Number of protein chains: 4
Amino acid sequence: MTISIAVAGASGYAGGEILRLLLAHPAYATGELEIGALTGHSTAGASVGELMAHLPQLRQRRIVETTAENLAGHDVVFLALPHGHSAEIAGQLSPDVLVIDCAADYRLRDADAWQQYYGTQHAGSWPYGIPEMPGHRQAIVQARRVAVAGCFPTAVTTGVLPAVVGELIEPDLSVIAVTGVSGAGKKAAVALLGAETMGSLRAYNPGGKHRHTPEIVQNVREYLAPEAAPKVTFTPVLAPLTRGILATVTAPLLPGVGPEQIRKVYEDFYAQEPFCLVLPEGQQPETQNVVGTNMVHIQAHVDQTAGKLIVTAALDNLCKGTAGGAVQCMNLALGLPETAGLPMAAVAP
Amino acid sequence: MTISIAVAGASGYAGGEILRLLLAHPAYATGELEIGALTGHSTAGASVGELMAHLPQLRQRRIVETTAENLAGHDVVFLALPHGHSAEIAGQLSPDVLVIDCAADYRLRDADAWQQYYGTQHAGSWPYGIPEMPGHRQAIVQARRVAVAGCFPTAVTTGVLPAVVGELIEPDLSVIAVTGVSGAGKKAAVALLGAETMGSLRAYNPGGKHRHTPEIVQNVREYLAPEAAPKVTFTPVLAPLTRGILATVTAPLLPGVGPEQIRKVYEDFYAQEPFCLVLPEGQQPETQNVVGTNMVHIQAHVDQTAGKLIVTAALDNLCKGTAGGAVQCMNLALGLPETAGLPMAAVAP
Amino acid sequence: MTISIAVAGASGYAGGEILRLLLAHPAYATGELEIGALTGHSTAGASVGELMAHLPQLRQRRIVETTAENLAGHDVVFLALPHGHSAEIAGQLSPDVLVIDCAADYRLRDADAWQQYYGTQHAGSWPYGIPEMPGHRQAIVQARRVAVAGCFPTAVTTGVLPAVVGELIEPDLSVIAVTGVSGAGKKAAVALLGAETMGSLRAYNPGGKHRHTPEIVQNVREYLAPEAAPKVTFTPVLAPLTRGILATVTAPLLPGVGPEQIRKVYEDFYAQEPFCLVLPEGQQPETQNVVGTNMVHIQAHVDQTAGKLIVTAALDNLCKGTAGGAVQCMNLALGLPETAGLPMAAVAP
Amino acid sequence: MTISIAVAGASGYAGGEILRLLLAHPAYATGELEIGALTGHSTAGASVGELMAHLPQLRQRRIVETTAENLAGHDVVFLALPHGHSAEIAGQLSPDVLVIDCAADYRLRDADAWQQYYGTQHAGSWPYGIPEMPGHRQAIVQARRVAVAGCFPTAVTTGVLPAVVGELIEPDLSVIAVTGVSGAGKKAAVALLGAETMGSLRAYNPGGKHRHTPEIVQNVREYLAPEAAPKVTFTPVLAPLTRGILATVTAPLLPGVGPEQIRKVYEDFYAQEPFCLVLPEGQQPETQNVVGTNMVHIQAHVDQTAGKLIVTAALDNLCKGTAGGAVQCMNLALGLPETAGLPMAAVAP
């Protein structure tokens, strides 16, 4: 039986990446998966060939308007829409359909945090799409609705989780995450021009103002005692590359925690995870080594003089950070092999 | 029955890209293909994990010395070695083995041209690895030895071939090809440092001095009358990107040739070719749309005032320009589907 | 006596670069030059600090609306406006004022060529701002109106002029010029986003469709016999760097012309020019070596097999290609030293 | 009277940048400064034109061997040498000569810290070249020996100093500094190739292992009570740009410190400093806005939820971070205006 898939917001960067992954998915090759409606708003009516020449197999296909009717009749709907719009469409889709939302609408469980950071009413919360977080994989397997995690929270959470769960650090995280420019999406803005971003570095939404902050807090808090109050300060930095996030997390080590313990905890934590690779001692995550893949490369360092743990984690913001995470969740919810169609070997250099 | 594959020069950029493609090859997933010896010279003894962290599936494997013994016992041997070294090893491999050489040693049929450009004795010539050149696919299917084409000649030849075969231009080609830095390989040199290449453009080996020049001449001459004497001046330009070639070819139009004829000839010529895409009128090849793929995106323009045809062609120098071309030839020679394991959708943006 | 200078379109890239040069001009340090009105349209009302944080000395200044009134009362007016708008404003400025126009409005002498490429009525022609073109420096010295040359025509013209004037080539030029993204200006457009331009190469306005084509033709024709009909086919290529043009010009050599003659002609032609540097044999122009300067680095190569001259020329599109050329013309017209305030040493690497 | 200047290590990136600044120094234009011996080791014998084509004014000059004899007879000697080599040469120079050392040899006052991080014997300590640090400008004015600060310590120190001196934070700093590739110098290494650095991000020497760590500690400690024990964990991140450092410093706010106080302290602290610019609220430092200049652009943010100060500071690692700092110190020590020859307006975009 064929599973038909629609992609809403197909002509954006996340939508295009979902399509790239589906086209190479083994279940697409066998006809088990098929690609149905591709929707957009400003791009409705245009061909995929005009909009995304990097997807030649679909070049004759047309983008149709993002409406519940156009998305109806599919078994899976990916939503790669701006937040707000995502919830609006989601509300109109049949409960039987598997809906995988790449926007923020259903990520936060705390309505106040939503209100504070997004300024609108909270739409609700869905099973959260980081299967590597203890307890979440099973929820995704049973879900008809999944909220794909944000790109920064995916990097930061997978990077720091072993230390949090293993009770190695105080929950007082200073997070600086350097990101490529595709994270800002395919919208015209002077500040995102090539001339403004090549050859430059700048922070944005610094010091806890970025909307991914409460999502990181939620993920960390989940594994702490109820009375613990994690502190997270998060600042992203824009750098001149297209894809890739290198997140750094600094946190105070708990007394007596040393490098060997850190290493063992990290290696054990991810020993069975196909997409989280703890690098050997001395080797650094490099974003080029994860471009186009669903991997997170992770390293943990102990600064004994300063009494800090410094974790570095690299992923591809469009793949593991968005579309890859989304397809991984789809695989789980459809009962397909979790790793199907998800590259592990990067397009490097 | 399992086909075992060795890669000589596995730790270089071409070798790494061959491995990336093999790991995602459907016949590798089924066990029909297996990856055997990985050889290197300065890197012998090191693990793949240390050298190529972008290939996590192979990270425990070790590079062994590039010797005929280490390469023996495989059904397929890819040679991703410097020219000269390639021929030396090739001479020691069994005639039954499928040998696919990514170096220049066996590309040229003209021993004088070899001598002039390489200054050493000509090793001979093998079936030439651009299946899209009329007459070549069948030769590759039957071959046990294939000489993969150079990255620039692949772009230039596929770009200009319809006009040459279709007798639309004088064989007087001015070729400027802009290339990313991975084409220079993984060797330490001040001129190839990030600090010397980011933010800069420079030509190199200008005006016919580049060794890919006689290969382009040979490919063009193949479809001309014996008495025709093609002129080709070729200059590469180094630009600040990792992967990608954008070749431009300018040639005088023959009298009476107009845009409609050009368009029709180009579209017809490649109508059945899976990897050569003639873009719709008005759309330009962009290297980002072919990164990680085996595609060539091609456009042809008529400058009626100047009486010239200007062709632009984009490919990924490490994929279609080297490793992808090599795997395409392997597929043909092994009787596998020609497109198996060769991405068409790019990692863009 | 103080010379006051206004800059119209001050918040664009060309305007900002004019200001950078003026701030470091020795006559600005002495108070001989002063910076007056800075105008813009969409940016009117904003401070320089908000718009151009790279000019801290002017950060308190405000952009005012681009009107003839705001520009009145200055001794020098730089116009860094879109074509069309430039002529409109220029028509309202006093004939006594030195007006230096960075747009195309007054570059072309041929009204038909203007009409064909710009589709509007021809505004007229002014002394043309490449002082290195024989005969032009004196005209600029005496001018109250100067049309600064286009960035591509400056590179191509200075590159090919010795060969044209020296009668070494047939006037049949194939021009491919690779450019950084700042040439497209500071306007929001998806195709110019960092995500669309980093890591990619693409041609645009190919095959003689770019508006700089008739300007190149005009410059070449000026030194040919009246009956000569130069052919120029011009295609620009966008590359992932901010500043820099590397122009390549290919042309058939006239019979008997060899490398020694080429070298001697080139070196003699520019021996007295401070801003045109013919590099020693074997050394290539690199755009990083001219970033921030008013230099053109030039090299000429003979491809004897193909019978072609290949010239490569590098400049900074915003400096020598626009603002530097403009300040050079200002210096000449004001009787200041031609080289005053114009960097020759680049910000490299 | 003419002051003659020698540059040891002239063909490296720091040496080249010192020369770029000297060539545009107003005292060079008047003949008050002259450029004497240019020394190197592996480059001895080569011309500046071959090695640094971006300095056309000096292209005929030759690099001579780095020896005390070749450096003798100058009034000023800049040492742009690897650490160790710097001290070796410095020991042979006359005490009357103004020696400005860009290496680390004389930066640290703590011999144990030197031994721990460099593993060799401590050469001693000289007046330290950040004039903006309270108390240091006067020492430089009177010095015949100056140790120019490291690029990261310059960014971090100027960024955090107002908060340290103003007693706004606990001295517990988490520093992540993103840097361009020129900081690694002009030496061939695979890890620094364009193909390995474009399109990638990676940390290096993480968690306090980088040699600039004790220098940051020393600078912070200088303004604390003797019993205070500052904690600094420092991790640099390599990003794909040539020039620029964006340093982020996170530190716990002392109780009761709020945004208004922070802003006032920062603005007051640097009100008289020409090269340290505290940006208006809401504006971020961007490295492109300081390229080629001696500026540090600084912003301070309060994360009240996490109780942290986050400072961002941008500078050009080769200019303010090395050569600009060196020329600033030369100006002070020679009694020239401190800002002479030091650009404030950047080559942007």
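1. The surface shared by chains C and A. Of the interface residues of chain C, 100% are also interface residues in chain A, so the copies meet through the same surface. In this contact (heavy atoms within 4.5 Å), 19 residues of chain C touch 19 residues of chain A. The model is predicted, so that local features need pLDDT of at least 70 and side-chain atom pairs count only at pLDDT 80 or more, while totals for chains, interfaces and linings use all residues; side-chain values use heavy atoms, with hydrogens and water left out. Residues are numbered from 1 along each chain as its sequence is written, and chains are lettered from A in the order in which they are written.

2. Symmetry of chains C and A. Two copies of a chain are related by a rotation about an axis and a shift along it. Chain C is superposed on chain A by a rotation of 180 degrees with 0.0 Å of shift along its axis, at an RMSD of 0.0 Å. The two copies are thus related as by a two-fold rotation axis. The superposition is by least squares on the C-alpha atoms of residues with pLDDT of at least 70 in both copies.

3. Area and composition between chains C and A. About 1,400 Å² is buried between chain C and chain A, with 69% given by carbon and sulfur atoms; buried area is the accessible area (1.4 Å probe) that two parts lose on being put together, summed over both. Within chain C, the residues that lose the most area to chain A are Leu193(C), Ala195(C) and Met198(C), together 39% of what that side buries. The count of salt bridges between chain C and chain A is zero, a salt bridge being a side-chain nitrogen of Lys or Arg within 4 Å of a carboxyl oxygen of Asp or Glu. Helix 9 (residues 194-197) of chain C gives the largest share of the side that touches chain A, four residues. Helices (H or I, at least four residues) and strands (E, at least two) are DSSP runs, numbered from the N terminus. That side of chain C has 11 nonpolar, five polar and three charged residues. In this classification Ala, Val, Leu, Ile, Met, Phe, Trp, Tyr, Cys and Pro count as nonpolar, Asp, Glu, Lys and Arg as charged, and the others, Gly among them, as polar.

4. The interface of chains A and D. Here 41 residues of chain A are in contact with 40 residues of chain D. The buried area is about 3,300 Å², of which carbon and sulfur atoms give 61%. Ile176(A), Leu201(A) and Gln288(A) lose the most area on the side of chain A, together 16% of what that side buries. Between chain A and chain D there are four salt bridges. Glu286(A) forms a salt bridge with Arg202(D), with the closest N and O atoms 3.6 Å apart.

5. Elements on the side of chain A that touches chain D. Several elements each supply at least two residues, among them strand 7 (172-179), helix 9 (194-197) and strand 12 (296-303) of chain A. Strand 9 of chain A provides the largest share, six residues. By class, this side of chain A has 18 nonpolar, 16 polar and seven charged residues.

6. The same surface serves both copies, as 98% of the contact residues of chain A recur in chain D.

7. The two domains of chain A. Chain A is divided into domain 1 (3-147 + 321-334) and domain 2 (152-315), with bounds that come from an automatic or database domain assignment. Their contact takes 26 residues from domain 1 and 29 residues from domain 2. The C-alpha centres of the two domains lie 25 Å apart. Between them the domains bury about 2,300 Å², 50% of it on carbon and sulfur atoms. In domain 1, Tyr13(A), Tyr117(A) and Glu132(A) lose the most area to domain 2, together 28% of what that side buries.

8. Charged pairs and helices between the domains. Four salt bridges are found across the interface of domain 1 and domain 2 of chain A. Arg107(A) forms a salt bridge with Glu215(A), the closest N and O atoms lying 3.3 Å apart. On the side of domain 1 that touches domain 2, helix 1 (13-23), helix 6 (111-118), helix 7 (136-141) and helix 12 (319-334) of chain A each supply at least two residues. Helix 12 of chain A gives the largest share of that side, four residues.
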